[in-house]
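Q: Please take a close look at one part of this chain. I want its place, its surroundings and its contacts, with the cut-offs spelled out.

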Amino acid sequence: MRFLLVFLVVLVLAWRWRVWRETRRRNTPRTKTNTPKSIGMVACHHCGMHVPVHDALAGTLGQYCSVAHRQHCEP
Ligand SMILES: [Zn+2]
């Protein structure tokens, strides 16, 4: 009988701890709100590799991933 009482006390304490932990997790603000925005990607006119817009090199025929590919297509 005594063992059953101890077991029930441990069970109730574990349950209360889980509830406390769950409510604490819900109440804490998420720190991952500053996820990076999606970056615009463009395909290289020569090889088709996708590069970020701010890294792409503009040419008369399109966007390029590197100077070499731009020179290859637009001498
Ligand atoms: Zn390329």
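A: Val 42 sits in strand 1. Strands here are DSSP runs of E with at least two residues, helices are runs of H or I with at least four, and both are numbered from the N terminus. This is a predicted model: local features need pLDDT of at least 70, side-chain atom pairs count only at pLDDT 80 or more, and totals for chains, interfaces and linings use all residues. Residues are numbered from 1 along each chain as its sequence is written.

Val 42 is partly exposed, because 17 other C-beta atoms lie within 10 Å. The scale runs as follows: a residue is buried with 20 or more other C-beta atoms within 10 Å of its own, exposed with 12 or fewer, and partly exposed in between, with C-beta atoms placed from the backbone.

Next, the contacts. Two residues are in contact if their C-beta atoms, placed from the backbone, lie within 7 Å. Setting aside neighbours within four places in sequence, Val 42 contacts His 50, Val 51, Val 53, Ala 56 and Gln 63. Gly 62 is 20 residues from Val 42 along the chain, and their C-alpha atoms are 9.3 Å apart.

Met 41 belongs to strand 1 too, which covers residues 41–43. Met 41 is partly exposed, since 13 other C-beta atoms lie within 10 Å. Not counting residues up to four places away in sequence, Met 41 touches His 50, Val 51, Pro 52 and Val 53.

Now the partner side. His 50 lies in strand 2, residues 50–52. His 50 has 11 C-beta neighbours inside 10 Å, so it counts as exposed. Beyond four places in sequence, His 50 contacts Met 41, Val 42 and Ala 43. From His 50 to Gly 40, 10 residues apart along the chain, the C-alpha separation is 9.6 Å.

Then the wider setting. The chain has two helices and four strands, in the order α-β-β-β-β-α. Of its 75 residues, 11% count as buried. Among contacts between residues at least 6 apart in sequence, 9% join residues at least 24 apart.

Helix 1 spans residues 2–27. Its 26 residues reach 38 Å from first C-alpha to last, close to the 38 Å expected at 1.5 Å a residue. That expected span is 1.5 Å times one less than the number of residues. Helix 1 lies largely in the open, because zero of its 26 residues are buried.
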